[in-house]
Amino acid sequence: VHTQNHGLEYDGCNFFRQRLVLSTLSGKRVRIKNIRSKEDDPGLRDFEASFIRLLDKVTNGSRIEINQTGTVLFYQPGLLYGGAVEHDCNPQRSIGYYLEALLMLAPFMKTALKATLRGVTNDPIDPTVDLLKTTALPLMKKFGIDGAGFDLKVVKRGMAPGGGGEVLVTCPVRRTIKPVQLRDPGKIKRIRGVAYSVRVSPQMANRIVDSARSVLNQFLPDIYIYTDHMKGANSGKSPGFGLTLVAETLNGCFLSAEMSSTPQGQGDPVLPEDLGRNCAKLLLEEIYRGGCVDSSNQSLALLLMTLGQQDVSKVLLGPLSPYTIEFLRHIRDFFQIMFKIEVQKPLEDERKGGDKVLMTCVGVGYSNINKTLK
């Protein structure tokens, strides 16, 4: 990272979203160079260009410059405006790719966000819309981002590679973010899930549910997995099925896991029985890692801690993912915030799973300058 008079400078295409999101929130300009400059097909990919267009839609007065080959990007963030936005996400990545970043920005808009995103709702790479709905939203509520207008609705499902799904996101604006203390997740009290199938036999979803329950029923009686079979125009363009599982703890923390079938024409097909069983095992793995936030939402939690009022926030996480570690470095660059990281080893006789990390920081006291005073 080179800090120059025109903001921060980075190399390469990795962690593209987190740089642009943090740049938008901190108001610091950012320049990213050597984007895939050594590849046969250099420069930004279509899904990244689509992400930039989405940023441009929710902000006002952003300046974006890209050189001819697409290997250098300069971004000067404008004000977060929000309001009603429609965006066709590039089907190379699922809507979750765009949504993760949008949820980080949504509370700090000038007017409440009401976004309609179209594209792939479920694919094996990115977090699906169902996962974000069941884990990211409850997490944001803990930081005081809630209200009647906070919702994520799957209007149409669209599996990879064809897409054709549609999602409606509404999020209220907040003046400030409150600090949190999430130190003890408590025991798992129930498991909920959604097994979805589109353009295949509705029986697929039932087969997934049966096989997932065969694993989870050994541990817990309170399990309910909904089946969601969308028909006709609401089922997108490609066939597929999948499962999202969420375990809720006594203290209201959510840990989740999910799997989607292999996209049509890409590799070996998956049996619904295997998918259900493997997804249940992934959930057990996530519970073993533990913490108050699951691995897919670690960076969202850390961002909201950073932006909290000037008070101490503490959150217990499972082992940090590589993406999260890089996110911590970026938070240091953009907000000059360092976290105190304490590793907590479980006691011998306690069955508490993997090593936990207690993350502590003092928020920067970020206040939403875009929000109009009423």
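## Basis of the description

A crossing of two helices is called left-handed if the near helix is turned anticlockwise from the far one by less than a right angle, and right-handed if it is turned clockwise. Helices (H or I, at least four residues) and strands (E, at least two) are DSSP runs, numbered from the N terminus.

The model is predicted, so that local features need pLDDT of at least 70 and side-chain atom pairs count only at pLDDT 80 or more, while totals for chains, interfaces and linings use all residues. Residues are numbered from 1 along each chain as its sequence is written, and side-chain values use heavy atoms, with hydrogens and water left out.

## Packing of α1 and α2

Helix α1 (residues 16-26) packs on helix α2 (residues 46-58) at an angle of about 15°, and their axes are 11 Å apart; axes are lines fitted to C-alpha atoms, for helices over the stretch in contact, and angles run from 0 to 180 degrees between N-to-C directions. This angle makes α1 roughly parallel to α2, a class for angles under 35 degrees, with over 145 counted as roughly antiparallel, 65 to 115 as roughly perpendicular and the rest as oblique. The crossing of α1 and α2 is right-handed.

In the contact (heavy atoms within 4.5 Å), Phe 16, Arg 17, Leu 20, Val 21 and Thr 24 of α1 meet Glu 48, Phe 51, Ile 52 and Leu 55 of α2. By class, the contact of α1 with α2 has six nonpolar, one polar and two charged residues, where Ala, Val, Leu, Ile, Met, Phe, Trp, Tyr, Cys and Pro count as nonpolar, Asp, Glu, Lys and Arg as charged, and the others, Gly among them, as polar.

## Aromatic pairs

Ten aromatic pairs are found in a search of the whole structure; rings of Phe, Tyr and Trp (its six-membered ring) pair if their centres lie within 6.5 Å, and planes under 30 degrees apart count as stacked, over 60 as edge-to-face and the rest as tilted. The rings of Phe 47 and Tyr 97 have centres 5.4 Å apart and planes at 85°, so this pair is edge-to-face. Because Phe 47 lies in helix α2 and Tyr 97 in helix α3 (residues 95-105), the pair ties together parts that are 50 residues apart in sequence.

## Backbone details

The peptide bond from Ala 160 to Pro 161 is cis, with omega near -5°, and Pro 161 is found in the loop between β10 (151-156) and β11 (165-171). Asn 34, although not a glycine, has a positive phi of about 55°; Asn 34 is placed in the loop between β3 (30-33) and α2.
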